[in-house]
Amino acid sequence: MVDIQVKLGNIQNESDASDMLRMLSVYMHDPMGGEQSLSDELAKKNIDGLKKQSNYVFFLAYCNDELAGFANCFINFSTFKAQQLINIHDFAVDPSFRRKGLGIAMINRIAEYCQENGLCKITLEVRFDNPGAQKLYKKLGFEEGEPAYHFWEKVI
């Protein structure tokens, strides 16, 4: 039997912050995360920076009491709806826990958070070469924007 629990993390709680960093490291090592390493320096900068973000929320997923997934999110504002929204910035399930329903449970928990807090929608980006994530998101009611959007960046 698979017992899945998804909780709202607290960046001020050392255990939660440590679990978030462990999952960020797993995500960064994955091909979809660029197969990078999370250095101690970058980990510290993340915690210090996220503690300063009043719009930061995160979720931790556990499978049979083992850390298995996470979602780093930021509260933003939709001017077209005149309401807050949540953007999922990082979303990952540890490869050893995939296809057990954790992704569904995390999205559902984020949607509950939105309902509880009066947020109007969930936004996210998904890589074009990640059909597994696209399939999950479509299954849960996400769709490409109309008109379709591209995520652009200018690195400074």
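Predicted model: local features only at pLDDT ≥ 70, side-chain atom pairs only at ≥ 80, totals over all residues.
Two packed helices are described by the angle between their axes and the distance between the axes. For helix 1 (residues 14–29) and helix 2 (residues 40–51), the angle is about 125° and the axes lie 11 Å apart. The crossing of helix 1 and helix 2 is right-handed. On the side of helix 1, the contact is made by Ala17, Met20, Leu21, Leu24 and Met28, which meet Leu42, Ala43, Asn46, Ile47 and Leu50 of helix 2. Nine of these contact residues are nonpolar and one is polar, while none is charged.

In soluble globular proteins, nonpolar side chains tend to be buried together. The largest nonpolar core of the model comprises 26 residues, of which Phe59, Cys73, Ile86, Phe91 and Ile110 touch the most other members. Two or more residues of this core are contributed by each of strand 2 (56–63), strand 3 (66–78), strand 4 (83–93), helix 3 (102–117) and helix 4 (131–139). Helix 3 provides the largest share, six residues. When neighbours within four places in sequence are left aside, the contacts of Phe59 are Val6, Lys7, Leu8, Gly9, Gly69, Phe70, Ala71, Cys73, Ile86, Arg109, Ile110 and Tyr113. Another core, of 19 residues, lies apart from the largest one and includes Met23, Leu50, Tyr56 and Tyr62.

Backbone geometry was examined next. Most residues other than glycine have a negative phi, and most peptide bonds are trans. Ala82 has a positive phi, near 55°, and is not a glycine. Ala82 is situated in the loop between strand 3 and strand 4. With a relative accessible area of 54%, Ala82 is exposed. Arg99, likewise not a glycine, has a positive phi of about 65°. The loop between strand 4 and helix 3 contains Arg99. The relative accessible area of Arg99 is 82%, so this residue is exposed; the cut-off for that class is over 50%. A cis peptide bond joins Glu146 to Pro147, with omega near 5°. Pro147 belongs to the segment after helix 4.

Key
Residues numbered from 1 in each chain as written. Heavy atoms only, no water. Axes fitted to C-alpha atoms, helices over the stretch in contact; angles between N-to-C directions. Helix = DSSP H or I, 4+ residues; strand = E, 2+ residues; numbered from the N terminus. Left-handed = near helix turned anticlockwise from the far one by under 90°. Contact = heavy atoms within 4.5 Å. Nonpolar A, V, L, I, M, F, W, Y, C, P; charged D, E, K, R; others polar. Core = buried A, V, L, I, M, F, W, Y, C linked by side-chain atoms within 4.5 Å. Buried < 20%, exposed > 50% of the residue type's maximum accessible area, 1.4 Å probe, protein only.
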